[in-house]
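Hi,

Here is the structure I promised to pass on. Have a look at it first, then read my notes below.

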Amino acid sequence: MYRYDEFDHRLVAERIAQFRRQVKRRLAGEITEDQFKPLRLKNGVYLQLHAYMLRVNVPYGTLSSRQLRKFAHVARTYDRGFGHFTTRQNIQYHWIRLEQVPDILEELASVEITTIQSSGNCVRNITSDQYAGVARDELADPRVYCELLRQYSVLHPEFSYLPRKFKIAVTGSPNDRAAVAVHDIGLRMHRNAAGEIGFEVLVGGGLGRTPYIAHTIRDWVAPEDLLAYVESILRIYNIYGRRDNIHKARIKIIVNQLGIDRYRELVEEDFAASKITSRPELPQEEIDRIAAYFAPPPYEPLEDIEDELDALAASDARFARWLRHNVAPHKQPGYAIVNVTLKAPGAVPGDITAEQMDALADIADEYSFGELRVNHRQNLVLPYVRQRDLHTVWKKLDALVLATPNLNLLSDVISCPGLDYCALANARSIPVAQDISARFVDVDRLAAIGPLTINVSGCMNACGHHHVGNIGILGVDKRGKEFFQLTLGGSSDQNASLGDRLGPGLAQEDVPDAIEAIVDRYLELREEGERFLDTYRRVGIEPFKEAVYGTGEERAIA
Amino acid sequence: MKQMVIANHLAGGFVVFLGPDDRWCRWIGDGRVLEDPAEAEAALATAKRQEAENIVVEPTLIEVTIDDTGLPRPVEIREAIRAFGPTVGGGSGASASSGVGGHR
């Protein structure tokens, strides 16, 4: 993984020293809250319902065991013994004291982790495929470009005061696990006719109160032009993006107001002009230099051991289930990708205790070259596990309650923190997620239902990405009471789509029954080999509306 | 209408209530319940002075009712969660013993 050089260390150290002075001045009353707020936000510090919240970047979701141990230490020393992994591959701490933040930042910097640009109107943590570097379907490691973009965009003077926050995601695989179509810029690696690798560039995707699937602005950008092209997109956004209305300030609004063709014209004009004026160049040597940080670990020459694993699975049904659902194929023979789900029945999605973090760091050291990943579904990954160690790793994870075999199944629910923590939320999303995962505990039934994503957001800002859940759940406030609106048919993969609203909001206690009704109707209707999403796309919303709210006649009477 | 002044402590971030003698308390039961609007406005003005003195952030008036045990309870769910803590456990996923259970 990437390691800081002397410039990175210096930049981070200077930034922390600066923020320490800013906190001191705030506490001494030399600056007001209005003056301080944008400064603290640029360092990932929010004021939430109960305390300050600190959002810590995990760059493109890649994490070392050393960094995870530091996260555990911060959780134990400065918080209440746990952290919360988010849909942006970051970790958040919910019980932070402002006066301690500079010390926490120094602790994190000692393991090359920062909170710089984890908030504010700038380029946020650049996210990626959690299987980067190990996926069988990958063309090249996307993290090389994430890191180049990170270095380029951090504290970039032209892009430090964008109209609004800006999120970039990169995938190196045709099977999109990074949700690139719902980002401000999505980069999709592919090959041209000559077999060279480049990027399809998508722009203007996003969720929130005005959700959009991104448009392709250019089908092919060569790696050497990547920074320049991204810069042109950002520059046009900086000029044309709205600053008069926070709800209309994201790039998706201006792209869709101008139209993708006009936006493309403006970007292409700027991109062409930058050839003559100044253009950030990305020579192959620089790409190679960064790529060297992401070289594969020293794999042992091994063979796949499918027969042995089958035999183990045949003798242990629990291991068999975990192997089937939580383990993914690896590009290196004899190795496997292990998904660590933070979604035990009734658990808070994405939450992990300091003890679990420490133990997981030990497992990573022993069985995964000391490396882990965070995915946007609030789970973790051990990317380099020898197949012959799978049974041992499973037992260790199981003992930590980190081996629930439900990856991408119905109880693998994504949830934002919601009204239990968040100052923006209208409703409590976590209890809804807990109710669902506690209701659907039969792992054989979950397996029979098949892949089905549920995403819960506590308000229309959509941190739980409800628009792209196969079943989306949005918490709303109606005259002081919490209600939950369901959407169906969302997806964030390579065929991304936004969910359709099912009907009127439901009370929290009615949500699990509604999910049951939807699932039962799907099982009645599905054809051979279909996932929930396939069936939904074939039959439409009406059968599910009927399952939850009754027939048209019944609805009219009600 | 019964009201209280709620805020976050500047340095610690934790929730506080304006109590007797214009001091801030961490437990809602120790806070001052303001019975009439003039008294509430005066308390808010005091709180805002303390905001200017960098003790608290964003003091606001919230409506409360008094329960059978004599404990003030915020009317809005959001403020009840601020007063009594999250309704869910952290980390382990165990249920927390927040006093907001009645709203679920």
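Which residue of E18(A) is the bridge partner of A:Asn455? The partner is A:Gly472. Before the rest, a word on the source: this is a predicted model, where local features need pLDDT of at least 70, side-chain atom pairs count only at pLDDT 80 or more, and totals for chains, interfaces and linings use all residues. Residues are numbered from 1 along each chain as its sequence is written, while chains are lettered from A and ligands numbered from 1 in the order in which they are written.

Back to chain A. Strand E17 (residues 454-457) and strand E18 (residues 471-478) of chain A run parallel, joined by four bridges. (Strands are DSSP runs of at least two E residues, helices runs of at least four H or I, numbered from the N terminus; two strands pair if DSSP finds at least two bridges between them.) Both belong to an open sheet of five strands in chain A, ordered E16-E17-E18-E19-E20, with mixed pairing. Strands E16 (414-415) and E20 (500-501) of chain A each have a single partner strand, so one side of each has no neighbour in the sheet.

Now chain B. You'll find two helices and five strands there, running β-β-β-α-β-β-α from the N terminus.

Where do the chains meet? In chain B, 25 residues are in contact with 32 residues of chain A (contact: C-beta atoms, placed from the backbone, within 7 Å). Helix H2 (residues 77-84) of chain B gives the largest share of chain B's side, four residues.

Cheers

Key. Two residues are in contact if their C-beta atoms, placed from the backbone, lie within 7 Å.
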